[in-house]
Every structure is written in C-alpha cells, then in structure tokens.
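Please have the sequence and the structure open while reading.

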Amino acid sequence: NKKGVYTGTAFVVHASKDHGVWLLTNWHNLNKPEHAAECTAHFFQHVKTTKEQLKVHLDPSTLVTSGGKPLDYAFVCVNGDDEQKVLDAGVQALQCDADATLTAGNDVRVIQHPQQEDGTTLKMAMEGKILRALDKDGQIHHLAQTLPGASGSPVFAKDEVKQDDTNN
C-alpha cells in the first residue's frame with residue numbers, strides 16, 4: 001500500500017511444543033527468508049475475547065515454499081522465542097479433511113483479514129460457490145469475494161470447520 005506496509009493472511013497448520021507453531025500462507029505473500037525476518041504474525045487482533053492481542057516474529061530459517069506458481073504456498077514457523085506465547089494462548093491448528101472432495105457448485109467460506117484503505121485490517125468471512133474445482137494448475141476457483149490482504153486465507157466447505165484450500 002502507500003505506507004509500504006503489506007498484509008496477508010496465514011493460518012496455523014501445526015502447533016506443538018515438540019515441533020513448533022507452523023503457519024501456512026501464499027508464496028506471493030512470503031517468498032524469501034529476509035521477508036520472513038521482517039514479518040510478524042498477529043493473533044486475536046479482531047476477536048472479541050478476554051485474551052490480549054499477540055504479536056510474534058517468524059523464524060526465517062524455517063521458510064519452505066513452492067517456489068512460485070502454480071501451487072503458491074509458503075510454510076514458516078513462529079520464532080522459537082515466541083512459540084510458547086502462542087501455545088500458552090491456546091492457539092490450535094486448523095484441522096484438514098484429507099478425504100474432502102470439492103466440486104463445482106459446492107458452497108465455500110473464505111475467512112480473511114483484508115487490508116482497508118487506511119491500512120488497518122478487518123476480520124470477515126465471505127461465502128460463495130466453487131466455479132471450477134482443481135483446474136490444470138491444481139487450483140480451486142470460487143466466487144467468494146476477497147479483498148487485498150486476503151491472500152493466504154483458508155477456504156472452507158461452507159458447513160465445515162475443516163480447511164480445504166488457501167485463497168490466492
């Protein structure tokens with residue numbers, strides 16, 4: 001944006017004391033270790049809860065990416081110094097149904113944190129239908145509205161709480 005601050009959405013895919021707190025986002029959000037070194041992850045930013053907002057740093061040495069399109073993913077671990085804060089806050093990984101089959105016409109929900117013009121972010125869920133499931137690049141195309149900052153958002157089957165894909 002105009003202020004040189006960029007946002008994207010990531011979600012926790014693994015959280016344990018033994019193996020760390022791993023986030024998944026898009027490669028075009030986080031594609032170099034030096035970017036990961038400059039990024040922070042925010043938890044409880046837009047949730048009505050008694051928990052305090054939590055801002056943690058990422059460990060750039062753990063960045064694993066697809067290297068670009070067509071898959072467009074990036075995994076990164078929360079910095080070891082901040083890991084326990086995330087675990088103590090009760091953050092849990094989203095669960096994924098490995099046997100889920102999405103087809104054209106299915107309803108989906110995208111949980112996103114889009115960036116607004118004033119640079120702040122907003123938590124919202126948008127619903128839509130799958131237009132094409134698994135195109136030649138392995139991507140799912142949906143009609144749910146997304147906004148800047150929503151890249152990396154989990155895409156769910158509407159009636160499920162299990163994550164099926166990421167928005168890019």
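The model is predicted, and the protein averages a pLDDT of 77. An open sheet of five strands is described here, together with helix α2, whose buried residues pack against β1, β2, β3, β4 and β5.

**Confidence**

- Of the residues, 64% score a pLDDT of at least 70.
- Over residues 161-168 the pLDDT stays under 50, although the model has 44 contacts beyond four places in sequence for this stretch.
- Where pLDDT is low, the predicted coordinates should not be read in detail.

**The sheet**

- The five strands are arranged in the order β1-β2-β5-β4-β3, and their pairing is antiparallel.
- Strands β1 (11-16) and β3 (40-43) lie at the edges with a single partner strand each, so one side of each has no neighbour in the sheet.
- From one strand to the next, the twist averages 35 degrees.
- β1 and β2 form a hairpin, with three residues between them.
- Five bridges pair β1 with β2 in the antiparallel sense; among the residues involved, His-14 has Trp-22 in β2 as its bridge partner.
- On to the next pair, β2 (residues 20-25) and β5 (residues 74-78) run antiparallel and are joined by four bridges.
- Leu-23 stands opposite Val-76 of β5.

**Helix α2**

- Asp-82, Glu-83 and Val-86 are the buried residues of α2.
- Viewed down the helix axis, these buried residues fall within an arc of 120 degrees, so they line one face of α2.
- That buried set packs against strands β1, β2, β3, β4 (54-65) and β5.
- Asp-81 and Asp-88 are exposed on the other side of α2.

**The salt bridge**

- The count of salt bridges comes to one.
- Lys-85 and Asp-82 form a salt bridge through their side chains, with 3.1 Å from N to O.
- Both residues belong to helix α2 (residues 80-88), and being three residues apart they are separated by about one helical turn.
- An α-helix has 3.6 residues a turn, so residues three or four places apart point the same way.

Conventions: Residues numbered from 1 in each chain as written. Predicted model: local features only at pLDDT ≥ 70, side-chain atom pairs only at ≥ 80, totals over all residues. Heavy atoms only, no water. pLDDT = per-residue confidence, 0-100. Contact = heavy atoms within 4.5 Å. Pairing = 2+ DSSP bridges. Helix = DSSP H or I, 4+ residues; strand = E, 2+ residues; numbered from the N terminus. Axes fitted to C-alpha atoms, helices over the stretch in contact; angles between N-to-C directions. Salt bridge = Lys/Arg side-chain N within 4 Å of Asp/Glu carboxyl O. Buried < 20%, exposed > 50% of the residue type's maximum accessible area, 1.4 Å probe, protein only. Arc of directions from axis to C-beta.
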